[in-house]
Structure formats: structure tokens, C-alpha cells
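Please look through the sequence and the structure shown below. The briefing that follows goes through them topic by topic.

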Amino acid sequence: MKRFKVFTLSTLAAAAVSLAQVAQSTDVEVLHWWTTAGQAKAVAELKIALENQGYGWKDFAVTGGGGQNAMTVLKSRVVAGDPPTAAMMKAPLIYEWAEEGLVTDIHQVAIDEKWDELLPPMVQEIMTRDGKYIGAPVNIHRINWMRVNPKVMQDAGVEVPETWDEFFEVAEVLQANGVIPLAHGGQNWQELTLFEPVMLGVGGADFYRKVFVDFDVDAINSETMVEVLDTFKRLKAYTDKNAPGRTWNLTTAMVMRGEAAMQIMGDWVKGEFSAAGMTAPEEYLCVPAPGTGDGFVFTVDSFGMFKQKDEAELEGQQALAAAIMSHDFQRLFNLAKGSIPVRLDVDMNEFDSCAQGSSADLASSGENGTIVPSLAHRSAAGPTARGAMIDLISQFWNDDNLSSADAQAKLADAAARLSS
Ligand code: BGC
């Protein structure tokens, strides 16, 4: 009896404490576009990491791969003077909002938590402006990946292609075998995502940089650009008629089911395979997109914090930044997301062969100068330049009356406007 009484009292006391915590806890509103099966598992880790810091999670999820819708919604909230506490966005956009004086500085957290010792120099550089951290990095995604269904390849008697020439040969055989060679989702950002590995594979890293980082008109007007555009357009014949409008994760499911053989897309695709309980290399393969074995098209996912009036919300932002860079979160989030951690001290032995490959290629491409930022995934430039290029590449892909020379001229015009 006595025991029962003690138990009841302590339970009541515990309940009172947690009620008090709930009453005091501040919700941090976080905008992101991670809504598919694999992404949702990853984002659940972020929610837990924030809650562990004593803050509530107010979900502001906007569906749409590549963040197209999320970034439109974000802009309208910012323009209306009501930005979310934090938003998943890439560095060039954080720079733009920071220049407008809208972004909270999280430099003190970075100093307290020793980010300079934990992050590779490349990520430090991306996440800082004038020597101060203006965003919290989550991960590194590689764009020039290809997922392959090994059974489909085996049934057709073909090997995984390593060059674009081999790709087209293999694609012919697969098509003759009644398989869709290339799983493609017809949305403009997916088209630009496919274009990037083609440009890297055909033109090389220096050429890629000239075109998508410097918007160099001479590079765009070169013969190499025509070759890149020709190769890209040639791929269309190996996609299916139902591609237009299809989301990237439904496209991935085609490779899972063996309707399609290959998908060229960033390694968030791996998150979908993992969420479906599939493992590499048994049930799917991850290999660099043709011709890009030594290259790395990257994007760094990161969160920027918007200035808030409420003191508790400002503190919540610092807590979120610390949570994002915590060791456990980096490990758990990236295992689910398909990306690799930004923290250098996370043991990659726990990750699968795809992530280990990505990590090794990140290091070697850094040494060889073959690492380039993704424009499709907002790491190479801000929204204006990206918007101009994405429309033209997508128009070229979709309009069979546009020749490579036409597209080249349009791209050169756009680049001239961007660099003037
Ligand atoms: C982001 C990824 C996301 C992907 C698909 C990319 O821009 O970097 O985190 O999974 O879009 O939505």
C-alpha cells in the first residue's frame, strides 16, 4: 500500500514537471521538402534531435522534389514579413537573405561546438560569409549517381555501362528486351539533374564549372556544348511515354520493380531503397553516372535561420543548429537520407557500400579538382541563374523541334544576361 502511494506521488510529481516543460517549451517552425518515405524517416531524426534539446517541432513540409514548391512558399512568407523560424535551403540562397539582413547569425554555436574542427574546409567555406557561419550544414548529397536493377541487367545479358557510348549500346539491348532503359521523371528539375552528369561526363569538370558556375558564354558556344546537348537529348528515346510530370520517387519505384533498369539521380534515391527494405549491392547497385567515375556533383543540404522577435525562438534556432551538427543526428539522419555526413568524425563503417563510395569519391574528387556544385540543387548559384538555365534545359528536352544549336544559342544569351 505504502509502495503504491509512493509510486503515485512520484508519478504525479513527474507529470507536473513535464507539464511545466510543455507549457514553457517553444516550437521551432521548420520548413523543408522532405516528404517521401526515405526523406520522412530522415526528417523524423531531426525532430527527435530538436526535441532532445527541449524544443518542440512545428512541421512546415512543402511537397515537391528539388524544393521547387518549398522555395516559392518560403519566398512568399519572407516577403510577407512572416518567415519560418528555420528553413532547409542551400547556401547561395542563405547568402541572398543574409544580405537583406534577414538571417540570424549562428556563429556562436559554431564556435562553442567547434565546427571548424569538425567540418571539411569545403563545407566551412560554403556555410560562412565574412568568416561567420550563416547556416547549419546537414549532409552532402552526390548528384551523379546511377541506381541500377542488377536482375534486369543480367536478364538482358548486359553489363553496367561506364561510359556514355556503353550506355547507349546497353540501352538498345534493354529496350529490345522490353525494359525501359532509363527511368525518368519529366519535371524541369529532374531534367536539369540528368543534364548535370551528362555535362560532367562529356565535358569534364572544368567545362562544367565554366558553364554552370561562371556562365561563360565562350564555353557555351563551344563544340563541346553541342556534344553535351546531343548526348543529353539522345537519352530521351530510352525513357518511357509516361514520364511527364512523374515524381522522382515514383520513378525510383520503377527501378525497384524492374520495369526500368537505371535511374540517374542524387543519392536521396538510396533513402527510398532503404525505406523499402532493399539493400545494395544485392537488390540494387549504385554506380557513378557514365563517364563521371572520378567526378562529384554535390549539393550540401543546410538550414538557415530567419530573424525572429521572440527571444525563445531565437534560442530555439541556436538549439536547432547544435542539434543538426550533433554526432548522433549526423549519423542517424544520413543513414536514412542516403547522403553522407558533413562531420568528419562519423564512422563510415556503419554505412553501406554506396555511402562509403561517395565518401571516398568526395575525398579524391576534392584532391583532383573534379568536384563541382549542382545548379539543379541550388548549390552552384542563386535562384535567378538557376531559373534561367532550368527553363532552357527543360524546354530543350521537351521540344523535339529544338536543335542542339538552338538550345546552345538560347543558353549563351541567358549566360550573357547573367554575367552582364
Ligand atoms: C535536396 C535533397 C532532396 C532532393 C529531392 C534536393 O535538392 O538536396 O535533400 O532529397 O532535393 O527532393
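**Briefing on the predicted model**

Methionine 127 lies in helix H7 (residues 121–127); helices (H or I, at least four residues) and strands (E, at least two) are DSSP runs, numbered from the N terminus. The model is predicted, so local features need pLDDT of at least 70, side-chain atom pairs count only at pLDDT 80 or more, and totals for chains, interfaces and linings use all residues. Residues are numbered from 1 along each chain as its sequence is written, and side-chain values use heavy atoms, with hydrogens and water left out.

**Methionine 127**
- Methionine 127 counts as buried because its relative accessibility is 1%; buried means under 20% relative accessible area, exposed over 50%, and partly exposed in between (1.4 Å probe, protein chains only).

**Strand S6 and its partners**
- Strand S6 covers residues 136–142, and seven of its seven residues are buried.
- S6 pairs with strand S11 (residues 296–305) in the antiparallel sense, over six bridges; two strands pair if DSSP finds at least two bridges between them.
- S6 is also joined to strand S12 (residues 340–341) by two bridges, and these strands run antiparallel.
- Asparagine 139 stands opposite aspartate 301 in S11 and opposite proline 341 in S12.

**The ligand**
- The ligand is surrounded by 14 residues, and the closest are Gln39, Lys90, Asp301, Lys337 and His377; a residue counts as near if one of its heavy atoms lies within 4 Å.
- Polar side-chain atoms lie at these distances from an oxygen atom of the ligand: 3.2 Å for tryptophan 33, 2.9 Å for tryptophan 34 and 2.7 Å for histidine 377.
- On its own the ligand has 310 Å² of accessible area, and the protein covers 100% of that area (Shrake-Rupley method with a 1.4 Å probe).

**Backbone features in loops**
- Alanine 280 and proline 281 are joined by a cis peptide bond, with omega about 0°.
- Proline 281 lies in the loop between helix H15 (268–275) and strand S10 (285–288).
- Phenylalanine 215 has a positive phi, near 50°, although the residue is not glycine.
- The loop between helix H11 (205–212) and helix H12 (217–220) holds phenylalanine 215, which counts as buried because its relative accessibility is 8%.
- Arginine 378 has a positive phi as well, near 70°, and is found in the loop between strand S13 (371–373) and helix H19 (383–398).
- Arginine 378 counts as buried because its relative accessibility is 12%.

Conventions. A polar contact is a pair of N or O atoms within 3.5 Å; within protein, one must be able to donate a hydrogen and the other to accept it, and residues adjacent in sequence count only if both atoms are side-chain atoms.
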